[in-house]
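Hi,

Here is the structure I promised to pass on.

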Amino acid sequence: MKLVVQVRLLPTPEQVAALEATLRACNDAANFASATAFTTGDRREYALRKHTYREVKARGLGAQAAQHVIKKVADAYTTLKANIRAGNLGSEGCARRIRAESKPVAFRADAAQPFDDRCLSWDHTARTVSIWTTTGRVKNVAFVGSLGQLKMLAVYRKGESDLVCRDGMWFLYATCEIPDVPVTEPDGFIGVDVGIANIATTSDGARHCGKGLNAVRHRNRELRRRLQAKATKSAKRLLKKRRRREARFAADTNHTIAKQIVTEAERTGRGIALEDLGGIRDRVRLRKPQRVTLHSWSFHQLGSFIAYKAALHGVAVIHVDPAYTSQTCSACGHVDKANRPSQATFSCTSCGFAEHADVNAARNIASRGVAGWAVSHAADDAA
């Protein structure tokens, strides 16, 4: 399994100048290669290399850096093509898609740049890195991280690392290949129902309320609106300073919830059943005031956190069809829209069973997880 570890660099002012010059040079070369790819139509790495390698090297880049710049451009066009094919940029003929297709992919001056082991070396004892720059090799750049991150980095790091400058801070994103942990045969499943009022509710009855997170988002949204309307220099500085605070808060909340769910599943020897909510933003129709809440709802992030934490501990994870889980009675199986008289209440019109609506939905998800696991493993055994 591949995980990305983020460590923060603590460069001196002289090292910062060298790193900034390197990112500018690499991304200037990337913009040149991107324009060439757009003009010639050769967007595959090896074809693009024939057109651009000499010029990219002539811009002061070493051989390995030039190769990475060209590969970065080819990967950007591959991603663009995939997004167009998936409809993420709209249907054919729409303004957004036309804009994306009518000009070369552009790279910011401080966009991330990958480095391999020929350009970047790690000293885990001294906690420093040596990195290639356009002004020569820069040595003894200090880095810091949590104990868990540093241990994982020292043992499992493999492949490329990305140099990133964000809000005046420097980071390295390193890829770690962790050995797969065998998945334990689950003794049942914990169903997880995700939502807005309650971020996550388990079939055991544990509810992780979203009131605090929603309040933070509402407060930040109102503050952004006022600052944008004011539009003074100080207001813009404050907007820039706060721009990632909400995302960090939401990610920390999701990490905490995911860890609690995975820990409980591991302790009880069960798997985790999640809803397959792919494409929900396109399917759900809401009034305009509710759309902001839906589109800021980080359910995909929570699901991905649960999945990778479960994989680290050998906990089985299965995704199930979420259709009608909120309208189905977990006791008798009766499906009726009238079973949900309110957002938080479930009361079966057939058998009279009553429960919190999210807990009832989570139990239905758990049942579907058991059935789905049995069907998938029966197919594997037959094969």
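This is a predicted model: local features need pLDDT of at least 70, side-chain atom pairs count only at pLDDT 80 or more; totals for chains, interfaces and linings use all residues.

Gly271 sits in strand 11 (residues 271–275). Strands and helices here are DSSP runs numbered from the N terminus, with helices being H or I runs of at least four residues and strands being E runs of at least two. With a relative accessibility of 0%, Gly271 counts as buried; the cut-offs are under 20% relative accessible area for buried, over 50% for exposed, and partly exposed in between, using a 1.4 Å probe and protein chains only. Which residues does Gly271 touch, leaving aside its neighbours within four places in sequence? They are Pro186, Gly188, Phe189, Ile190, Ala265, Val315 and Ala316, where contact means heavy atoms within 4.5 Å.

Residues are numbered from 1 along each chain as its sequence is written, and side-chain values use heavy atoms, with hydrogens and water left out.

Now the whole chain. It has 12 helices and 14 strands, and its C-alpha atoms fill a box of roughly 75 × 50 × 45 Å along the principal axes. Of the 383 residues, 37% are buried. Among contacts with a separation of 6 or more, 64% are between residues 24 or more positions apart.

Next, the helix pairs. Two packed helices are described by the angle between their axes and the distance between the axes. The axes are lines fitted to C-alpha atoms, for helices over the stretch in contact, and the angles run from 0 to 180 degrees between N-to-C directions.

Start with helix 1 (residues 13–40) and helix 2 (residues 45–58), which pack at about 150 degrees with their axes 10 Å apart. That makes helix 1 roughly antiparallel to helix 2; angles over 145 degrees get that label, those under 35 are roughly parallel, 65 to 115 roughly perpendicular, and the rest oblique. Helix 1 passes helix 2 in a right-handed crossing, where right-handed means that the near helix is turned clockwise from the far one by less than a right angle, and left-handed means anticlockwise. On the helix 1 side, Ala29, Phe32, Ala33, Thr36, Ala37 and Thr40 meet Leu48, His51, Thr52, Glu55 and Val56 of helix 2. By class, the residues of this contact between helix 1 and helix 2 are 6 nonpolar, 4 polar and 1 charged. Here Ala, Val, Leu, Ile, Met, Phe, Trp, Tyr, Cys and Pro count as nonpolar, Asp, Glu, Lys and Arg as charged, and the others, Gly among them, as polar.

Helix 6 (residues 211–230) is worth a look too. Its axis comes within 8 Å of that of helix 7 (residues 233–242), and the two cross at roughly 150 degrees. Helix 6 and helix 7 are therefore roughly antiparallel, and their crossing is left-handed. Helix 6 also packs with helix 8 (residues 245–268), at about 175 degrees and with the axes 10 Å apart. That makes helix 6 roughly antiparallel to helix 8. In this pair, Leu213, Val216, Arg217, Asn220 and Arg224 of helix 6 meet Glu246, Phe249 and Ala250 of helix 8. The contact of helix 6 with helix 8 divides into 4 nonpolar, 1 polar and 3 charged residues.

On to the rings: the structure holds 3 aromatic pairs. Rings of Phe, Tyr and Trp (its six-membered ring) pair if their centres lie within 6.5 Å, with planes under 30 degrees apart called stacked, over 60 edge-to-face, and the rest tilted. Why is the pair of Phe305 and Tyr308 called edge-to-face? The ring centres are 6.2 Å apart and the planes are at 90 degrees, so the pair gets that name. Both residues lie in helix 11 (residues 299–312), 3 residues apart, about one turn of the helix. Phe305 is buried at 12% relative accessibility, whereas Tyr308 is partly exposed at 25%.

Finally, some backbone angles. Most residues other than glycine have a negative phi. Arg127, not a glycine, has a positive phi of about 55 degrees; you will find Arg127 in the loop between strand 3 (120–123) and strand 4 (128–133). Asn140 in strand 5 (residues 136–144) also has a positive phi, near 60 degrees, and Asn140 is exposed, with a relative accessible area of 59%.

Cheers
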